[in-house]
Amino acid sequence: MKNFHIFLLSCLLPLAFGCQSINESVIANPGDRPDSTTTEAGLWMQMEKIEAQSKTSGNRVKDEKLNSYIEQLVCKLAGEYCSDIRVYVLKVPAFNATMAPNGMMHVWTGLLLRVQNEAQLATVLGHEITHYIKKHSLKRYVDTKNKVNTFTILNLGAGGLLTPVLMLGTIGSIQAYNRDHEREADQGGLKLLSEKGYSLEGAPEVWENIVKEQEASKKDTPSLFLSSHPQSTERIQNLRTEAKKLKTSSTPRIGESDYLQHILPHRSDWFLQELSLKNFKEMEIVLQNLAFSPLHKGELHFLKGELLRKQREKDFETKAIAQYQKAIDLDANDPRPLKAIGLLLLKTDQKQRASENLKKYLSLKPDAEDRSIINSYLKELNV
Amino acid sequence: MKLSKQFIYLFIVAFLTGCGPSFTLVKDERINISKRYSVQPGMDWSQLKRESVTYWTADGLMLDEIVFLESIQDGKTFFGDEKSNPFKSNMSEIEIAELFIESLKINGQWSNGKYKELKLQKFGSFDGFNFGISLVNKDGLAYKGLASGAIIEKELHIIFFLATEFHYYDKFKNNFLAIVSSIQKT
């Protein structure tokens, strides 16, 4: 009987704590530094440590024009909160953007590689800005803390007998809460798009492409960005429904050329960095969605050639060379496919063709870092 | 009761020490790295061996490391994993350097990386190559390194040095170069 009372007490006390709601009045307004005695101040302190690392991170993209373009876009979307937000573009090969309660925003190059225009990028940034304005990270932090505390004490009270049930209930409850925030961020992001005159089509398009990538990869685990988000099919449907309710500009902005102008100088490097992780099926979808590059008219064929070469499937050499040749036919001044053909043919009987391509590569790129070793190959070929 | 407490402490200590990697001391005496070559360490190093990969470090693996990849056979991967593409003995030096960086990225916590300044250079008395390494880990910390290698009787041998770009690369770069210059055929 005594044990039963202890058990009951152990259950009721944490329930009382667990059900406590967040007192919205003590949450600082977005951008305002919270009082040092609050939970929020603790979260800020952690984020400031991460931000100090971000400032000097070796992964930062140093292109000033690109950084300035994304900062301006964030500012346009954030409106009155513009001065609160600091953007860090990081060279990380995965689809993701994050926003911390202290105003630190991370934009990963894997996201920039995948979105096709400014409206699509604005969709993701608007979503993150809504998280910031609505203080979602703080609310999640407190919610998770409360629920985990409740789980721990209930579990102790039950002597560990109900662990699986309690754990499922706790995780389910935390995830449901997170998904509600994601839905709210989707709606808020869409509203920002509408207010700033962007095409609302960009929003579902982003998720449609990510779903295709996910399906192609046949992985059980979704991308980082999607792991805490509602089912993408549900999200696409919701975004389409919500978009119909919102006012759209008669000439909605898509911003494809402005976007590409800033992205194209880096795009192939980001693609090749990500390709080296060998997620070939996803990268095929990414490649299909890349726009034609007026900078290097044959770039898409070059990247396809690289994809085939790295996959190393049957007859990959012939197939890759065909793609490189198409790239050269479209842009005879791009040295990259010339080098690629030369190297693939180096140890075949097509020595003449290998030599011609490598020589032309060096003539187009006289300051090539690998000039010395390419010259040694040419000497070896002796044709 | 006292005895059983002591026993529990001993058990915990033994358990914890057993969980960690076991390093051994390498003294500055000529040492055979594989059946093909030996090197002069030049100073004392802490050594960790994992199958055909040998690590030497002075201040800790996260800060500086010299790694010996021994006798990688045709069709095998650099680090024994299944995801990386395998080494082929007919690969050019450029393909080897490219595969090396890819294998590091697949097997480590690297978000970006590249090789640079690839050149042909003797590896002891063997025809070989060397190149520079530039890597950034997932926390954004930049690393620099150097690698030297050779294909000897269809097997690839590589020694590489990797350290944080700030401080540790400069601290141990010359030690690595001295080790590479000391390579002797066995």
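## The sheet of chain A

In this predicted model, chain A carries an open sheet of three strands in the order 1-3-2, with mixed pairing. The edges belong to strand 1 (86–90) and strand 2 (97–99) of chain A. Each has a single partner strand, so one side of each is left without a neighbour in the sheet. From one strand to the next, the twist averages 15°.

Strand 1 of chain A pairs with strand 3 (residues 104–108) of chain A in the parallel sense. Five bridges join the two. A:Val87 has A:Met105, in strand 3 of chain A, as its bridge partner.

## Helices on the sheet

Helix 3 (residues 64–78) of chain A packs on the sheet and touches strand 1 and strand 3 of chain A. Its direction makes about 135° with that of strand 1 of chain A.

Helix 2 (residues 39–55) of chain A also involves these strands: it lies across strand 1 and strand 3 of chain A. Helix 2 of chain A runs at about 50° to strand 3 of chain A.

## Contact between the chains

Chain B gives 22 residues to the contact, and chain A gives 20 residues. On the side of chain B that touches chain A, the elements giving two or more residues are helix 2 (93–107) and strand 7 (110–120) of chain B. Strand 7 of chain B supplies the largest share of that side, seven residues.

What is the make-up of the side of chain B that touches chain A, in nonpolar, polar and charged residues? Nine are charged, seven nonpolar and six polar.

Methods
Residues numbered from 1 in each chain as written. Chains lettered and ligands numbered in written order. Predicted model: local features only at pLDDT ≥ 70, side-chain atom pairs only at ≥ 80, totals over all residues. Pairing = 2+ DSSP bridges. Helix = DSSP H or I, 4+ residues; strand = E, 2+ residues; numbered from the N terminus. Axes fitted to C-alpha atoms, helices over the stretch in contact; angles between N-to-C directions. Contact = placed C-beta atoms within 7 Å. Nonpolar A, V, L, I, M, F, W, Y, C, P; charged D, E, K, R; others polar.
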